[in-house]
Amino acid sequence: MIYLDNSATTPIDPEVSKAMWPYLTEEYGNPSSKYYTLAENAKKAVEEARSHVASLLSCQPDEIIFTSCATESNNFVLKGIAHYYKNKGKHIITSKIEHKSILETCKFLESEGYEVTYLDVDQYGQVQLETLKNAIREDTILVSIMWGNNEIGTLNNIEELAKYVKEHHPHVFFHTDATQVLGKIEVDLSKVPVDFLSLSAHKMYGPKGIGACFIRKRELGLRTKITPLLHGGNQEDGYRSGTLSVHNIVGLGKAAEIAKANLKEHQTKLLELEKQLVSALKENFPNIKFNGHPKQKIPGVINFTIPGINNELIIRSLKDEFAISTGSACSINEPSYVLSAIGLNVMEVKSSFRISLNKYITNKDIDRFICNFKNSILNLMI
């Protein structure tokens, strides 16, 4: 199997699973317990992982809260801000191409009496600054715009958007879902003034079931106040109660450490593979159309349309040897709302594919895929 659906998840790096193993076996202590060695070892491992995640983001370790995944982090931020600051306003801004965990949370908040503005995007899937400017109101409490789109790979200019909000509307919080970009582009929160950021380990060669939320410190070094999603034993300074999943946290920390150390190398590898793939697709399919921004994009994420080709039939015909997709794993059996938002019609959506690469793919793998992909399409046309 050649795995080409890495926007859905990535394989675990062997160094990550190796780092996790002791905390699944002999180092099984609860980091919230006190006084004995097993607990202290677990607590030390958690704090070391927190430091690695903070280093990847260029923030402070105590600005990192561990969650189960980016979906939880997104729910935590949107619901937490909405509840805590409901007396200051009930208007939230997001975009039409956010991850389902943002859009569905916004729908829930609408049922609770909040008003949500869903921003249009341009033909490439980017939120333009003027569009955001025109949407902010006196009662706006939160803007949530994803850093990079999981289906088409387009990057938003989060630095520009966040700086505008913080300079002209300092009472408005800014959140970004950065799940798809970490380890692929530089994310420096000392330069990008977002208040909140969500991430998952399994999109950067870490384990499933663990994520994190960045919460920026405010004046006097205090954390931003937000209503917790989970209440209980006061873990994570009361922001996220529940016994910490130490082995998964260690895995996230190791994945973050590797991502930080190998960022340029990883980025270069993905761009080289992408260049080979795009060139071969253009050569073999002259009528192909690529979706998303051609340059301001996540390395290794390619979305394209081949008119007249049924994407589901092709994907099923290749399923024993290749893993590719029509789009988000969270929108299975649904037409892509992302592609619709950038102007594709129903037939074009049904003829579109997403390929997302990882660091283990080889040039031979790309050649093999192109050969089989082309043959599958030719067989369909017979």
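1. Helix H2 (residues 37-57) packs against helix H7 (residues 246-261) at an angle of about 35°, and their axes lie 8 Å apart; axes are lines fitted to C-alpha atoms over the stretch in contact, with angles running from 0 to 180 degrees between N-to-C directions. The crossing of H2 past H7 is left-handed, meaning that the near helix is turned anticlockwise from the far one by less than a right angle. Helices (H or I, at least four residues) and strands (E, at least two) are DSSP runs numbered from the N terminus.

2. This is a predicted model, in which local features need pLDDT of at least 70 and side-chain atom pairs count only at pLDDT 80 or more, while totals for chains, interfaces and linings use all residues. Residues are numbered from 1 along each chain as its sequence is written, and side-chain values use heavy atoms, with hydrogens and water left out.

3. In the contact between the two helices (heavy atoms within 4.5 Å), H2 contributes residues including Ala45, Ala49 and Val53, and H7 residues including Ile249, Gly253 and Ala256.

4. Strand E8 (residues 211-215) is largely enclosed by the rest of the structure, because 5 of its 5 residues are buried, that is, under 20% relative accessible area with a 1.4 Å probe, protein chains only. Gly211, Cys213 and Ile215 are buried on one side, and Ala212 and Phe214 on the other.

5. E8 pairs in the antiparallel sense with strand E2 (residues 64-67) over 4 bridges, and likewise with strand E7 (residues 196-200) over 5 bridges, where pairing requires at least two DSSP bridges. Phe214 in E8 has Ile64 opposite, whereas Ala212 has Leu199 opposite.

Terms used. Buried means under 20% relative accessible area, exposed over 50%, partly exposed in between (1.4 Å probe, protein chains only).
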